[in-house]
Amino acid sequence: MHGDLEPVRRLWRAAWLRRLPLWVLGSLPWLALRMLPGLLAWIAWCMWDAVRLRQKVAHGWASWLDAAAPGMEDSSALLVEADTPLARMQRQRLLARLDAALDGPSVRRIMRPHIGAGLAWLLPWLALAASVWFFGQRPAATARAAAPVAAVAAKAPVLPQLIVTATPPAYTGAARTVGAPRDIALPEGGLVTWCLKNPEAVETTLELSDGRALKVGDKCATLTATESLFWRWRGARYTIKVTPDAPPVITIAQPAQMIQELKTGAATAAMALSVQDDYRVQRATLHLTLARGSGENIKFTDREMPLPASNNPRLRNWAKTWTLAELGMEPGDELYFFVRAVDNAARPHTVQSPTYTLRLPAPEVEDEEETSAMPVLVKPQSLRSQRQIIIDTEQLIADMKSTRMSADTVRERSETIAGDQGQLRRRYGQFLGEESSLFGGEEHEEHEARDGKMDVLHQFGHAHDEAENATLYDEGTKKILRRALTAMWEAEKALRAIAPKTALAPELKALVAIKELQQADRIYLHKTAFVPPPIKEEIRMTGDVVGAASYTRAQGESAEAVPAQLRELVTALSGEGALPALWTRTAHDWLRERLKDDEQRLAAQRAVQDVLDGCLRCRPVLRAWLRAGVVQAPVLLQAQPVTTTPFTRAWREGGNK
């Protein structure tokens, strides 16, 4: 291409510099008049002129150069194409002379006769700019004529334009969003703000689905999102979906079972767990309780250890292999541990995991040889305490809920706990003279007749709670003992019937009675049924009863399942007549209290708005939602004893005629 040659580029630059004053001068009038259309037209002409100049230079540069530079020897065309060896030799000679022939003054001298300054083109554009300026300076009659139109336009109301801002709670760390009216998903506790984009607009009203109305004008309207709802503006409905903050989730990977029995001689115990939250785990702690001892004399030692945070604030993973020395466990001890986690919500959620148990069995002890000389010192090998029986029962109930246990396994564990409860019942029963086989299979021997006479009392009965035994305990202690034994017996019956949940309550009752026996010297019971208020000495015997509390307790009143206002509203919704006064408040309160699902509550609130707008076909829908909130009613909530249909209405009207 010719444009790629060095001579062509130099000549084109010279032509461009020669026309530049014309292009600049032509734009000044339009800039002074601030006429954008005129300026754009002048720029378009300048571009056309530049293209035309480039084409002129591309076609005539060789002849211009030959005529103005004798040193080119009329061979400038060889710079473009040289086919023969002689032509190529001549081309090399011309290239060597090119710099001297095309210096600055020479190029300007070559372009002067062929490219003019173009001032003739400037005159028409100056005349056009002068005409535009002249007609623009005419008296402002047109402006005065247009003034009433502008005044009318100014008096017309400006339609409001809303800007909706959704600001999540600070603890979530989420960014706020700003935009036009739209559906919004927001965490619980977020803030929704409505503002006018054009403050000069008239005030507008937003209708909320819970019956409230918000005014948006000079001041913005705000709403704290506590439940899902929708708002209506200019006939369009927009939903605010509120997502409640989820509590932390605790997962314990090790141990795999809730009751883990370590092997005899074990030296370590592994724990692995994770705590996860939707935004941030604020605090997580591991609680350890070491139980040592047997019977009712069990000593508990508590420890609390914080779990370290990780790089991810939403997740905490923790694992450790403890040595039994670190845990302080010895043979025969049990370690109970659970995890408690708290998130960073505005109202923090505290979650606690199930309690896991690590058992380190005690070494087996060889049975000592029983002798008739020391029958009292021989005790059963495993006599469970009442507290341990309760723990085993609760564990059995939890395992039945969390895992699929076979019926045989449930029966075996329940009967084992029942056997422990029976042994403990007989242990305490001996203090009231009951039979006991706890000590080496002791049985009551038959009483032989004395002096040939049959002793019916000793042969067919047992005289245990008599004489000396009756003087060992006072009557109050015996009552507590009887209450404990009765509760143990009820628990044992329920356990043998494979009903551990039923047995839990009497087991707890028996434990309370046992603690009363152990701490009988510290028990103090109020003999009065209530605690009277303190007497003010300064008003005593004066007859002044101002501020005195009444001793009369208010009797509880039965709550009405279906309020009268709701029954009246449901009856009115079955027809086309007027609805009761303040019926929207009754409907909103009932739906907010009874419908907990967000989608159902929003659909019911839409029905309330539709009925409020005068939609007769929406009344059955609202009536159905109101009836759905009735969970337990003493009577059937029926709008009318007879259903009114279009056929029955037409039949009645036709009969009247």
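The model is predicted, so local features need pLDDT of at least 70 and side-chain atom pairs count only at pLDDT 80 or more, while totals for chains, interfaces and linings use all residues. Residues are numbered from 1 along each chain as its sequence is written, and side-chain values use heavy atoms, with hydrogens and water left out.

**Overall make-up**
- The protein chain holds 18 helices and 18 strands. These are DSSP runs numbered from the N terminus: helices are H or I with at least four residues, strands are E with at least two.
- Of its 657 residues, 33% are buried. Buried means under 20% relative accessible area, exposed means over 50%, and partly exposed lies in between (1.4 Å probe, protein chains only).
- Take the contacts (heavy atoms within 4.5 Å) between residues at least 6 apart in sequence: 65% join residues at least 24 apart.

**Nonpolar cores**
- A nonpolar core is a set of buried Ala, Val, Leu, Ile, Met, Phe, Trp, Tyr and Cys residues joined through side-chain atoms within 4.5 Å.
- The largest core has 26 residues, and M271 and L286 touch the most other members.
- Strand β13 (281-294) is among the elements that give this core two or more residues. Its share is the largest, at five residues.
- Leaving out residues up to four places away in sequence, L286 touches M271, L273, W318 and F337, among others.
- A second, separate core has 23 residues, including W194, L196, L223 and L602.

**Helix α14**
- Helix α14 spans residues 564-573, and L566, L569, V570, A572 and L573 are buried in it.
- Seen down the axis, these buried residues fall within an arc of 160°, so they line one face of the helix. The arc is that of the directions from the helix axis to the C-beta atoms.
- The buried residues of α14 pack against α15 (583-594), α16 (598-612) and α17 (619-628).

**Loop residue I498**
- I498 sits in the loop between α12 (475-496) and α13 (500-518).
- I498 counts as partly exposed because its relative accessibility is 25%.
- V410 is 88 residues from I498 in sequence, yet their C-alpha atoms are 7.5 Å apart in space.
- Beyond its neighbours within four places in sequence, I498 contacts V410, R411, S414 and E415.

**Residue L20**
- L20 lies in helix α1 (residues 6-33).
- L20 has 31% relative accessibility, so this residue counts as partly exposed.
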